[in-house]
Amino acid sequence: MTSIDEIILRSINPFGNIRSVNFWHKQQPEPTVDSIHQEAITKIETTLDQVVQDHNTRTIILDGDAGCGKTYLLGRLKKKFNHKAFFVYIPPFTETDRIWRHILRYTVDSLVQVPEGQKDSQLLLWVENVLTSIKERSVKDRIFKDDVLDLLRNERGKFINKLRDIYKKAGISIYNADVFFGVLHDLTDTELYPLACEWLRGDDLSEDSLKTLGIKKSIDTEESARENLRNFSRIAGDTQPIVLCFDQLESIALLPDGRQNLQALFNVNTIISEQNSNLLIIISIGTNTWEQNKSRIDQSHKDRIDERIYLKSISLTQAESLLSSRLYSLHLQAHSQPSSPIYPLTRQYLEEEFPGGKTKPREIIIFGKDVIQQYKEWLVGGSKGEFKPDLSVKKDDPSELLAAFKLKWLNEFNKVQHQITKIRHFSAPDLIKMLQDVLETLHVEGVKYPLFTGTKYASYSLEYKLSDKSRPLGVVWTEDGNMTTFFHVMEACKKAAKEDSTLTLYLIRAEVLGNTKNKGYQSYTKFFTGSPHRHITPHINSVHYLVTYHNLVKDAREGDLVIGSKTFDFKSLQELIRESNILEGCSLLQDLGIFKKIEPVIITPPLELTECKDFLFNLVTTHHFLGRQTLIDNAISNFPTVNEDQINVLIKQLCEENKIQILDPKAKPESQLICLVPHK
């Protein structure tokens, strides 16, 4: 059996994971300290129970300082109350004139997720909930005698007619009832389910897909998005409520003066409150942002806020519980349990670091991380004298920060790869906005958004230059399946080129281009065949780059981006992106001329070995000391196609390059300790 000190020395720092994300995204499981923010959870549960009882929509402002755990709390709420409510996570909207389509898209994206312990998605459970409630109401009100659940086994037309009659007799108006009820029926067909979900979320479907669903058009306006969203509450007024969680508001669309357009969000909140039932809206916002902007929000909209819940700092006793929850797995491996559940930390360290007796969850995690790092160094140094952490002067070693950033990037990139399997997961405006953020971060000249004017497809486009003296380059990105939409985008391209004869246009599109019978395809071949205009077929890997950066940008703007032990703001993140050159591997940026073209673009085994070698070095750099087996296990976890023998070769290469060293090379491999070669 091994001592706790040996385990700490060889292990990954248990306080390394600080980031919380969209609660439907897969993330590293973290222990929960129930006492932290329990008062806030109790208040929210009380409000949720009120919605369950009377079905009246309510709004909660959830605010707190950066690092207090707002996003993490939303995840706790979903986990704790998903059995009695459907949970929706809505990221920041980037276009005010598409806000309803944004909300609808991410509402459906959340509803198609499968809750823990369930076999079916929230959406299918919601449909079942609706039909069950109709059955109960119909028996009570004698609207009709059939078993409503049997309707699903009937033909689509009969299902639509029955539900339409039910709600008409109940005095409930359903927007585009035949279409909406038809899509509900399609959700129960395993072959039609994916297509029905795409229509509900507002994807601009191809003519063939619409024909398959028996629908004439997609949800393509703000009004239709708002009304379809409203249908969810109209037909399910006495079922389980839906909880809409708005998060990371620092990244929402801006006003001309550069401030966040919170008024647009609260306009929406008021409309939802007035026209929809059975919803709980939680708006998660930083305290500073709320205090600075609340006076600019119309009082009539503020009156729609039912409760404001402030996340307070935590006590040192709660901080101890948080520390012990992270250290528990290490303690469990020791042959004898340490005297304190927070060993090697002590209550005295906490009191000295936080003399006011209060702190935030993030601060205590960073504190734990730094102490563990210093404790490792003390152990390797021979455990001389009494260990005493000294965090008064925190040095930000540039090479260590860069290594920590590359590890964070890889971790986030791997998550994005698992989450995003189709480029059409995002709307064209979202894709263009992510591309714009990247171009501006890389100091690309002349970035202008939008390029198109006088068309509803303006948000599909942007302009940039490769130098201040070069000709303007335009980008239009469309993945819409509808060929009529594609035709109108092609017409917008021709108009833009006619207005500026020096303009070169790039069409980014992975979806099909149609055939010779489509006007859009005909227009495309005339305009994009030959020089100078080009068609770029993006690889999904490029979108992973854009999304990874976009996620880090949102964290930075919220004050939630922690790299190493340092919190990075948006400007600092931009500098780190440029310094790391991490975006050079994005094939789309290569195609746009931002970086030199690298062949092959798709990852090959040799390149993966190179990336794995960098990972090994970065992991040792950030943790200072690691057990050889711990290093190998983490490499395999991040690079599943690389085997243990290959990793051992990479470790040997790093030793020969004098970058890392094995402190006890004669020990058995599983007992060896690896560290950086000391700087001379």
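This is a predicted model: local features need pLDDT of at least 70, side-chain atom pairs count only at pLDDT 80 or more; totals for chains, interfaces and linings use all residues.

Visitor: Which residues of H22 are called buried, and what does the word buried mean?

Guide: In H22 (residues 570–580) they are Leu573, Gln574, Leu576, Ile577 and Ser580. Buried means under 20% relative accessible area, exposed means over 50%, and partly exposed lies in between (1.4 Å probe, protein chains only).

Visitor: What puts these residues on the same side of H22?

Guide: The arc they cover around the axis is only 165°, and therefore they lie on the same side of H22. The arc is that of the directions from the helix axis to the C-beta atoms. An α-helix has 3.6 residues a turn, so residues three or four places apart point the same way.

Visitor: Which residue takes a positive phi just after H22?

Guide: That residue is Asn581, with a phi of about 55°.

Visitor: How many helices and strands are there in the chain, and what makes a run a helix or a strand?

Guide: The chain has 26 helices and 17 strands. Both are DSSP runs numbered from the N terminus: a helix (H or I) needs at least four residues and a strand (E) at least two.

Visitor: Why is Asn269 called buried?

Guide: Asn269 has a relative accessible area of 3%, and therefore it counts as buried. Asn269 has its place in helix H11 (residues 262–275). Leaving aside residues up to four places away in sequence, Asn269 touches Thr59, Ile281, Ile283 and Arg304; contact means heavy atoms within 4.5 Å.

Visitor: Is Gln275 buried, exposed or partly exposed, and why?

Guide: Gln275 has a relative accessible area of 30%, so the label is partly exposed. Gln275 also has its place in H11, and touches Arg230 and Ser233 when residues up to four places away in sequence are not counted.

Visitor: Why does Ile281 count as buried?

Guide: The relative accessibility of Ile281 is 1%, so Ile281 is buried. Ile281 lies in strand E4. With residues up to four places away not counted, the contacts of Ile281 include Thr57, Leu244, Phe246, Asn269 and Ile272. Ile281 and Asp560 are 279 residues apart along the chain, and their C-alpha atoms are separated by 23 Å.

Visitor: What is the phi of Asn278, and where is Asn278 found?

Guide: Asn278 is not a glycine, yet has a positive phi of about 65°. Asn278 is found in the loop between H11 and strand E4 (279–286), and is buried because its relative accessible area is 3%.

Visitor: Why does His624 count as buried?

Guide: The relative accessibility of His624 is 17%, and therefore His624 counts as buried. His624 lies in the loop between helix H24 (605–623) and strand E15 (625–627), and its phi, near 70°, is a positive value in a residue other than glycine.

Visitor: Which residues does a cis peptide bond join, with omega of about 10°?

Guide: That bond joins Tyr343 and Pro344. Pro344 is found in the loop between helix H14 (316–333) and helix H15 (347–353). The peptide bond from Tyr449 to Pro450 is also cis, with omega near -5°, and Pro450 is found in the loop between strand E8 (445–448) and strand E9 (461–465).

Visitor: How do you know that the radius of gyration agrees with a compact globule?

Guide: With 680 residues, such a globule would have a radius of gyration near 26 Å; the chain has 28 Å, and so the two agree. The radius is taken over C-alpha atoms, and the globule rule is 2.2 Å times the number of residues to the power 0.38. Of the 680 residues, 54% count as buried.

Technical notes. Residues are numbered from 1 along each chain as its sequence is written. Side-chain values use heavy atoms; hydrogens and water are left out.
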